[in-house]
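The sequence and structure are shown first.

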Amino acid sequence: MIYRFIGRVPVYDRALNLFAYELRPCSIPNQEEATAETRQIWETLRLERLTGGQTGLINMPAPWVKNLASLPWPREKLILHLSQEALHQLSSDDVDRLTAQGYLIAVGSERYDSKLAQNLQFAKIWALDVDTRLTEVQPELASLHARGVQLLARQINTKAQYEAALEAGFDYFQGRYFEQPRLIHGTQLPANRIAILHLIARLQDPDVSIEEIEDLVSQDITLSYKLLRLINASFYGLPKRVDSLRRAVVFLGLTRIKHWATVILVNAIDYHPQELLITALVRARICEEIARQQGQANPEEYYIMGLFSLLDAIMDAPMQEILRHLNLADAINQALLYGSPPFGPILQTALSLEHGLCHKLPLTNLDLEATLHAYLEAIDWVEEIRPQILKQPKR
């Protein structure tokens with residue numbers, strides 16, 4: 001396999017705002033497989049294509065760290081994540097040179113190390129896997145913060161792990177927990193969220209007409225305004241500004257307009273972290289692209305699957321309860337609940353790519369180079385519309 005894909009996962013601050021993207025190159029079992037072809041894609045791929053201008057945190061093999069000048073990645077937007085193994089392969093001169101060149105360094109370790117805690121003069125971030133005993137870190141926290149070292153809790157998979165890291169005073173957080181419902185409402189959806197789901201269900205009806213969509217949108221002036229603003233985003237390069245849904249359908253098609261109305265309705269929910277919708281939109285585009293590669297009929301259905309794959313986290317409710325209100329195709333329901341084919345393997349492939357787990361792809365015949373190109377285009381597209389769909393301003 002050629003390891004030609006770099007995924008990304010969000011890293012959050014204490015307010016659950018985006019701090020950085022942790023970049024996930026396809027897993028490389030050993031350094032001998034870090035071939036010239038693999039390095040070539042790193043040397044030609046600009047950091048901002050992957051991060052949309054946000055900060056990127058990346059774990060790189062030690063031999064590549066020594067020759068960072070060839071990478072077209074701005075130092076002020078790059079955090080070098082050095083494992084303890086990588087540190088052992090680098091000399092103190094190597095590390096001093098990196099800090100002198102202005103690189104921000106994060107040191108990663110699987111467990112708490114009191115000796116390492118005392119020798120982090122060159123690091124600004126200490127990344128710890130959250131299964132470490134956080135009580136051991138807490139006494140050192142004030143000293144670490146005083147020395148300008150911030151702590152990142154990685155691999156957070158449960159509410160208990162997140163709350164323990166938050167209580168311990170960690171600054172940044174990363175893990176799959178943030179893509180799960182916190183179930184603060186129990187299994188019963190609030191009435192306002194059920195109403196939104198019913199509107200989304202109308203949009204997903206394959207027989208819905210443009211007249212019905214116009215009627216639905218016109219009932220809410222805010223929805224109408226936001227939808228037209230998205231449609232007029234410069235990414236689409238429309239020949240001139242459109243001021244009606246009917247005219248938008250001429251240029252973009254009814255399916256795309258239905259998708260955008262769905263996004264606006266999902267975004268009407270008060271959810272955290274807001275990055276969930278960005279992740280869902282990129283995932284939706286990748287699912288659609290993979291479906292096209294695999295010759296699947298109706299690839300736009302795979303877009304909806306990807307978009308709705310985080311709806312349980314956005315609504316803080318079980319996926320099964322949400323799907324009860326949506327009237328989706330049973331094959332999509334089965335994929336979202338159980339990963340069942342034919343839709344499930346494509347969703348699981350998209351998830352594996354996000355996390356750089358190319359050795360675990362359910363679809364082994366995937367063109368990774370074409371998929372990476374589509375992934376970068378999806379990021380370009382979602383960054384163009386980020387200011388329109390998120391409440392906080394783009395940084």
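In which loop is Pro-342 found? In this predicted model, Pro-342 is found in the loop between α18 (330–338) and α19 (344–354).

**Backbone features in loops**

The bond that joins Pro-341 and Pro-342 is a cis peptide bond, with omega about 5°. Another cis peptide bond runs from His-272 to Pro-273, where omega is near -5°. Pro-273 lies in the loop between α13 (254–267) and α14 (275–293).

Positive phi values are also found in residues other than glycine. Asn-298, in the loop between α14 and α15 (300–308), has phi near 55°. Asp-316 likewise has phi near 55°, and its place is in the loop between α16 (311–315) and α17 (319–323). As to accessibility, Asn-298 is partly exposed, with a relative accessible area of 41%, whereas Asp-316 is buried, at 5%.

**Helix α15 and Tyr-302**

Seven of the nine residues of α15 are buried, so this helix is largely enclosed by the rest of the structure. The buried residues are Tyr-302, Tyr-303, Ile-304, Met-305, Gly-306, Leu-307 and Phe-308. Tyr-302 has a relative accessible area of 2%; being under 20%, this residue therefore counts as buried. Beyond its neighbours within four places in sequence, Tyr-302 contacts residues including Ala-284, Cys-287, Glu-288 and Ala-291, and also Pro-342, Phe-343 and Ile-346. The C-alpha atoms of Tyr-302 and Phe-343 are 7.0 Å apart in space, although the two residues are 41 apart in sequence.

**Nonpolar cores**

The largest nonpolar core has 133 residues, and Phe-170, Leu-281 and Met-305 have the most contacts inside it. Another core, of ten residues, lies apart from it; among its members are Val-11, Leu-57, Ala-127 and Tyr-172. Leaving aside neighbours within four places in sequence, Leu-281 is in contact with Val-263, Tyr-303, Leu-307, Trp-381, Val-382, Ile-385 and Ile-389.

**Packing of α9 against α13**

Helix α9 (residues 191–204) packs with α13 at an angle of about 175°, their axes being 10 Å apart. Because the angle is over 145 degrees, α9 is roughly antiparallel to α13. On the α9 side, the residues in contact are Ile-196, Leu-199, Ile-200, Leu-203 and Gln-204; they meet Lys-258, Ala-261, Thr-262, Leu-265 and Val-266 in α13. Sorted by class, this contact has seven nonpolar, two polar and one charged residues.

**Aromatic pairs**

The count of aromatic pairs comes to nine. Two of them are given in the table.

| Pair | Distance between ring centres | Angle between planes | Arrangement |
|---|---|---|---|
| Phe-5 and Tyr-375 | 5.0 Å | 50° | tilted |
| Trp-260 and Trp-381 | 5.4 Å | 45° | tilted |

Phe-5 counts as buried at 1% relative accessibility, and Tyr-375 is buried with a relative accessible area of 3%.

The tryptophan pair also links distant parts of the chain, with Trp-260 in helix α13 and Trp-381 in helix α20, 121 residues apart. Both Trp-260 and Trp-381 are buried.

How values were computed
Residues are numbered from 1 along each chain as its sequence is written. This is a predicted model: local features need pLDDT of at least 70, side-chain atom pairs count only at pLDDT 80 or more; totals for chains, interfaces and linings use all residues. Side-chain values use heavy atoms; hydrogens and water are left out. A nonpolar core is a set of buried Ala, Val, Leu, Ile, Met, Phe, Trp, Tyr and Cys residues joined through side-chain atoms within 4.5 Å. Buried means under 20% relative accessible area, exposed over 50%, partly exposed in between (1.4 Å probe, protein chains only). Contact means heavy atoms within 4.5 Å. Helices (H or I, at least four residues) and strands (E, at least two) are DSSP runs, numbered from the N terminus. Axes are lines fitted to C-alpha atoms, for helices over the stretch in contact, and angles run from 0 to 180 degrees between N-to-C directions. Angles under 35 degrees count as roughly parallel, over 145 as roughly antiparallel, 65 to 115 as roughly perpendicular and the rest as oblique. Ala, Val, Leu, Ile, Met, Phe, Trp, Tyr, Cys and Pro count as nonpolar, Asp, Glu, Lys and Arg as charged, and the others, Gly among them, as polar. Rings of Phe, Tyr and Trp (its six-membered ring) pair if their centres lie within 6.5 Å; planes under 30 degrees apart count as stacked, over 60 as edge-to-face and the rest as tilted.
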